[in-house]
Amino acid sequence: QVQLVESGGGLVQPGGSLRVSCKASGIILTTFSISTMAWYRQAAGKERELVAEISNAGGINYVDSVKGRFTISKDNSRKTIYLQMNNLKPEDTAVYYCHRRTAGTEYWGKGIMVTVSS
């Protein structure tokens with residue numbers, strides 16, 4: 001069965017950097033390659049929001065609040081996506097979720113906590 005496993009979260013000071021990873025298992029490379037992958041986040045008391053996504057064709061978009069600070073990337077050979085987060089702010093504190101979308105289904109990781117605090 002498809003699994004998405006996030007890693008790399010933790011505590012970082014404002015202005016610092018962190019990279020989170022999401023590795024997909026249970027699918028072959030060709031299936032992963034045609035998927036749209038994304039990072040979402042959910043802060044306490046708020047709705048889950050799309051942070052960044054990368055399509056099968058390589059198209060990328062970000063939520064306005066992270067533009068210029070976050071970078072999403074994809075390594076098909078490793079079936080892994082990454083989110084490089086720079087110049088982190090306290091308002092970036094949230095649980096970050098990996099997401100995969102297909103024509104008929106969605107898959108979610110369990111989420112990983114990122115806390116930005118001094």
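Visitor: Why is Ser21 called buried?
Guide: This is a predicted model, and in it Ser21 has a relative accessible area of 15%.

Visitor: Where does Ser21 sit, and which residues does it touch?
Guide: You'll find Ser21 in strand β3, which covers residues 18-25. Skip the residues up to four places away in sequence, and Ser21 touches Val5, Glu6, Ser7, Trp39, Thr80, Ile81 and Tyr82. To count as a contact, heavy atoms have to be within 4.5 Å.

Visitor: How do you know that Cys22 and Cys98 form a disulfide?
Guide: Check the sulfur atoms: those of Cys22 and Cys98 are 1.9 Å apart. The cut-off is a pair of cysteine sulfur atoms within 2.5 Å, so at 1.9 Å Cys22 and Cys98 pass. The structure holds one disulfide. In general, a disulfide is a covalent bond between the sulfur atoms of two cysteines.

Visitor: Which parts does the pair Cys22 and Cys98 tie together?
Guide: Cys22 belongs to strand β3 and Cys98 to strand β9, so the pair links parts that are 76 residues apart in sequence.

Visitor: Cys22 and Cys98: buried or exposed?
Guide: Cys22 has a relative accessible area of 1%, so it is buried. Cys98 comes out at 0%, so it is buried as well. Remember, buried means under 20%.

Visitor: Which residues is Cys98 in contact with?
Guide: Leave aside the neighbours within four places in sequence, and the list for Cys98 includes Cys22, Leu4, Glu6, Met37, Trp39, Tyr107 and Trp108. Take Trp39: it is 59 residues from Cys98 along the chain, yet their C-alpha atoms are separated by 4.9 Å.

Visitor: What makes Pro14 partly exposed?
Guide: Pro14 has a relative accessible area of 40%. Buried is under 20% and exposed is over 50%, so a value of 40% puts Pro14 in between, as partly exposed. Pro14 is in the loop between β2 (10-12) and β3.

Visitor: Which residues does Pro14 touch?
Guide: Not counting residues up to four places away in sequence, Pro14 touches Leu88, Pro90, Val116, Ser117 and Ser118. Trp39 is 25 residues from Pro14 along the chain, and their C-alpha atoms are separated by 21 Å.

Visitor: Why does Asn61 count as partly exposed?
Guide: Asn61 has 32% relative accessibility. The in-between class runs from 20% to 50%, so Asn61 counts as partly exposed. Asn61 is in strand β6, residues 60-62. Beyond its neighbours within four places in sequence, Asn61 is in contact with Leu50, Val51, Ala52 and Glu53. Asn61 and Val51 are 10 residues apart in sequence and 8.4 Å apart in space, C-alpha to C-alpha.

Visitor: What is the phi of Asn87, and where is Asn87 found?
Guide: Phi of Asn87 is near 50°, a positive value in a residue other than glycine. Most residues other than glycine have a negative phi. Asn87 is found in the loop between β8 and β9 (94-101). At 42% relative accessibility, Asn87 is partly exposed. Lys79 also isn't a glycine, and its phi is positive, about 50°. Lys79 lies in the loop between β7 (70-75) and β8 (80-85).

Visitor: Zooming out, how many strands does the chain have?
Guide: There are 11 strands, plus one helix. Read along the sequence, the pattern goes β-β-β-α-β-β-β-β-β-β-β-β.

Visitor: How do you know that the chain is as compact as a globular protein of that length?
Guide: Compare two values. The radius of gyration is 14 Å, close to the 13 Å that the globule rule gives for 118 residues, so the chain is as compact as a globular protein of that length. The C-alpha trace spans about 40 × 25 × 25 Å along its principal axes.

Visitor: How many of the 118 residues count as buried?
Guide: The share is 39%. As for contacts with a separation of 6 or more, 53% come from residues 24 or more positions apart.

Notes:
Residues numbered from 1 in each chain as written. Predicted model: local features only at pLDDT ≥ 70, side-chain atom pairs only at ≥ 80, totals over all residues. Heavy atoms only, no water. Helix = DSSP H or I, 4+ residues; strand = E, 2+ residues; numbered from the N terminus. Rg over C-alpha atoms; globule rule 2.2 N^0.38 Å. Buried < 20%, exposed > 50% of the residue type's maximum accessible area, 1.4 Å probe, protein only.
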